[in-house]
Amino acid sequence: MSAKGERACDLISELYWTMRKAFEERLEELGVTFLEFKALVHLKGAKTQGNLLREMNVSKSTVSKVLSSLERKGIVRRERRGRVYSVKLTDKGLEMLKAIEKAGKELEEGMFSEMSSQEKSNFLLLLEKAIKGLEGSK
């Protein structure tokens, strides 16, 4: 696909969805969903179920379903402490996070494989500037 005639937003959207699809395929190979991945990222340290709910910005039932699934897979452990549930990654969960980080790194390497190191640096700098420009226009 040629960038000629394409709007920046269209190309950024295509890049996002291409990366998201590729990442979700890798997650599926590892046996986790995108929502489970999001929970794992927030669970690097021990948390309560309520903390996770606020950080993920999803419904209580969604967090409960995600945690139940991760618990069945042996990736997290929940313990009731009074009125709250404490949630922490198991050893299997920590290994899963490492595998996910490796998959993400490999995808990023693939994305930049057609760029020189200078082009990669320029691309990242321009993305940061675009984000700042949008944040400044709020």
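Modeller: Let us begin with R26 and E29, which are 3 residues apart in helix α1 (residues 8-30) and are therefore separated by about one helical turn. Please bear in mind that this is a predicted model.

Colleague: What do the side chains of R26 and E29 meet in?

Modeller: They meet in a salt bridge, with a distance of 3.6 Å from N to O.

Colleague: And is E29 buried or exposed?

Modeller: E29 counts as exposed, because its relative accessibility is 63% and the cut-off for exposed is over 50%. R26, at 24% relative accessibility, counts as partly exposed.

Colleague: OK, over to helix α5. Which residue does E106 meet in a salt bridge?

Modeller: The side chain of E106 meets that of K102, at 3.6 Å from N to O, and both residues lie in helix α5, 4 residues apart, which is about one turn of the helix. E106 is partly exposed, with a relative accessible area of 30%, whereas K102 is exposed at 54%.

Colleague: Which residues are linked with K102 in a network of salt bridges?

Modeller: R26, E29 and E106 are linked with K102 in that network.

Colleague: Changing topic, where do E101 and K44 sit?

Modeller: E101 is in helix α5 (residues 91-111), while K44 is in the loop between α2 (34-42) and β1 (47-48), so that the pair, 57 residues apart, links distant parts of the chain. Their side chains meet in a salt bridge of 3.5 Å, N to O. E101 counts as partly exposed at 45% relative accessibility, and K44 counts as exposed at 53%.

Colleague: How many salt bridges does the structure hold?

Modeller: The structure holds 12 salt bridges.

Definitions and conventions:
Residues are numbered from 1 along each chain as its sequence is written. This is a predicted model: local features need pLDDT of at least 70, side-chain atom pairs count only at pLDDT 80 or more; totals for chains, interfaces and linings use all residues. Side-chain values use heavy atoms; hydrogens and water are left out. A salt bridge is a side-chain nitrogen of Lys or Arg within 4 Å of a carboxyl oxygen of Asp or Glu. Helices (H or I, at least four residues) and strands (E, at least two) are DSSP runs, numbered from the N terminus. Buried means under 20% relative accessible area, exposed over 50%, partly exposed in between (1.4 Å probe, protein chains only).
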